[in-house]
Amino acid sequence: MDLENQKRVMEFAEKYGPENLVIILGSAEGEAAGIAAETVTAGDPTFAGPLTGVQLGLRVYHVCEEEIKNEIDPDIYDEQISMMEMVLDIDDIVSEMTAIRDEFCKY
Amino acid sequence: MKSVITWASYVLVHTPDMVIANGSTQTTERIVNPGSEYLQQLPKHIRSYESALSYPPNRCYIGDITPAELGAMEQPYYENGIENAERFSKFGEIMPQDEFYLLIQACDSFDLVFLEENFVKTTKEKLSKHPLMREDILNRIKDGTSKEEIERFINEEHAEGLYIKGEAVGFVKRAHDVDTNLSAHIMLENLVSKASSVLSLLHTMDKSGVDPSEIEYVIECSEEACGDMNQRGGGNFAKAEAEIAGLLNATGSDLRGFCAAPAHAMVTAASLVKAGTFKHVIVTAGGSTAKLGMNGKDHVKKGLPVLEDMVAGFSILVSRDDGVNPYIDLEHIGRHTVGTGSSPQAVTSSLVLHPLQSANLRIPDIDKYAAEMQNPEITKPAGAGDVPLANFKMIGALAVKEGQLERKELNSFIEKHGMQGWAPTQGHIPSGVPYVGFAREALLSGEIKNAMIVGKGSLFLGRLTNLFDGISFMMLPNKGLEEEKQFDDKKLRLMLADALRKFAQSLGGEGE
Amino acid sequence: MSLLEDKKVIIVGDRDGIPGPAIEACMVGTGAEVVFSSTECFV
C-alpha cells in the first residue's frame, strides 16, 4: 500500500480509535486486496511503510464483498460498481479477504 | 481534409544499471530501508542486453512480431526468448545502455554530462556505426574525463552516476547549487527522456520518407517536467528534441495529461493538420527512469528477472491527407469529462460508447480496441492484474449492459476485439499508442476496417484533483483523396454563379 | 447492527479496479462517514 495511505490509516486509527474504523478497498486482484488487507491488520508485509510491524487489526473489506454491498443503495451500486462484477474475479477477492480477516482482524 | 498517420516509430533502451541507480522504488528503498534484503538480491535479477533483446514483448513493441503473434507464443516470455533477435526492426530498435549514455551526452546542451575517457573511445566507435547517428550528433560527444574526477563528482558534488555493471563510467552533474528543480537527479531524468525521444524521432524521419525540413510542429507528451524554481514545468522538451533531431523548420510544445497525454496529443496533432495550420506534426515522447524497476520487489520476491529495465520512446508522424494512409476520425472523439465521474462504467461509456453512438456504431462494430497495453507479465506478479485484459473486459461488459452483446459472448468478444499486452510500464508509453503502428499496417492491408485508441490517465496522482481522465479516437482506412468531390463542388459553384449572373442581368435589363 | 453505521471509513480504491470516488459515492445513505479516500495506481 502507498506509503502516504499507510500514514493516513495510522493517523486515523489514533484519532478515532481502531474499533471505529472500516477500510474499504477497490483492488483489481485478489492478491493485491490481500496485501492491502494484511497491511491494515497485521502490518505492511513489504516492510516499506509506516505500518511495518504495526498490528492494527482493522475491519477491512473489498467493496464488492456481500457484507459491504448489502449496505449500499442498490441503485447507486448498480451505477458505480456493478459492471465491474463482470470484470473482477470476485471469488478470488472474497477468499483472500476472508482469510486475512479470519487471521488478523481484531474487531 | 483528413489527417493521416504517415509513420509510427517505437524504440527501447535497455538500462539495467539505471534500474538500480535511478528507479524510484529503489531510490526510496535506499532511504527507507538501506540494508534491505531486496536491495541485496536485486542485482542478481538484472537481465543481460541479449535477454532483453530476445524478450518477446520487447520484439512486439519495436514491431518485429505482431500482438497476435505474441499472444500465440509460449509463456512465461522471459523463458521463451526469440532466437537470433536483431537490434533494428521495422518500427525502431533496442539500444544498449552504453551507447545510450553517449546519446544522453549528445543531447546535453549545458555541459552537465561527463563520461570516462576510455569508455567514450570504445563506445563512440560502436555508436558511430549506428545508421541514423549523423555527424553533427556524434560531434556533440566530448572526449572524456578521468575516473578520479567521476568519483569526486559523485561523492562530493551531488552528481548522479552513470554505471555499467555497477562501475561508474560517467555522471550527470547538477545544473544549479540551490535549485532542486535543476538537481542532478532531475537533469538525468529529463535528459533520458529527451534522448530516448530523439532516438525515436530519428527513426521516424528515416522511415517515413518525409524530409525533416517539412516538419512544422512537434508535440511532446511524456510525464516529465522541465524548468527551474521560477517555472518548474516551463518546458519545452519538444523543441529541445527537435533541435537534436535536426527538425530545423519545426517549433513545438509539450502536452501533459499523465498516461492519457499521448492520446490527447494525437487528437491535437490531427486537429492542427485538419485545420490546415500545419502540414506535418510529430507526436513524440521519451521514457521514464523513475518507473524502472517500479514493481521490482515483486519480481525479485517471485524469482523473476526485473522486467522493468527498458526506457521506451515513440514518435508518430501525423500529416495532411495523402489518399493512402489511415486517418484519424475527428468527428467522433471520446472524452472523459469533468461530469463523467469515476465509476468504471461511466468512464468506459464516455470513452467508448458515446463516441460510437454519435457515429451510429455499436461496441462490437470496432475491430480492434487498444486501451492500456501494459505487458501483463510485468503487472500480474505485482498484483495489478492483466491491465489490457481488464480494459477489454470492461468494454465487453459495457456492451453486455447495453444489450449489444450476449453475456456468454463476453470471452469471445475479448479474444476477437482485444489483444495481448506488450508495452513496458513506462507510464504514458502503454496508453493506446503502442498499437498505432500496427493499426496503420492492418488498416492499410485491409486486415481490419477500424480501430479505437483509448488513452487513460490517473490525474489524482498529482494531488490536484481526484478525477480520472481519458480521450479516445478512431483510426479508419483511407479511401483516397477527395479531389473528385472538390472538383464537382467547384464546377457546381461556377454553374450556379453563372446562372445567378444571367438571372440578375435579365432582371436589371441591358441598359447598365 | 450494521457494519458501516456510525463508522469512519477509509477508502483505498484502485485505478484498475474500483476507483476511490466510485466507492465514496456508494457510502451515501450507509451512515458511514468517509474520512479519507484515495486511489492507488500500480502502473
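In the predicted model described here, strand 1 of chain A and strand 1 (residues 8–14) of chain C run parallel and are joined by 5 bridges, two strands being taken to pair if DSSP finds at least two bridges between them. Within this pairing, Ile24(A) stands opposite Ile11(C) in strand 1 of chain C. Helices (H or I, at least four residues) and strands (E, at least two) are DSSP runs, numbered from the N terminus. The model is predicted, and local features need pLDDT of at least 70 and side-chain atom pairs count only at pLDDT 80 or more, whereas totals for chains, interfaces and linings use all residues. Residues are numbered from 1 along each chain as its sequence is written, chains are lettered from A and ligands numbered from 1 in the order in which they are written, and side-chain values use heavy atoms, with hydrogens and water left out.

The interface of chain A and chain C brings 32 residues of chain A into contact with 26 residues of chain C, contact meaning heavy atoms within 4.5 Å. Between them the two chains bury about 2,500 Å², 70% of it on carbon and sulfur atoms; buried area is the accessible area (1.4 Å probe) that two parts lose on being put together, summed over both. On the side of chain A, the residues that lose the most area to chain C are Val22(A), Ile24(A) and Glu71(A), which together account for 24% of what that side buries.

Across this interface 0 salt bridges are found, the criterion being a side-chain nitrogen of Lys or Arg within 4 Å of a carboxyl oxygen of Asp or Glu. Two or more residues on the side of chain A that touches chain C come from each of helix 1 (3–16), strand 1 (21–25), strand 2 (59–62), helix 3 (66–69) and helix 4 (74–80) of chain A.

Chain A as a whole contains 5 helices and 2 strands, which follow the pattern α-β-α-β-α-α-α along the sequence. The C-alpha atoms of chain A fill a box of roughly 35 × 25 × 25 Å, taken along the principal axes. Chain B, by comparison, has 20 helices and 13 strands.
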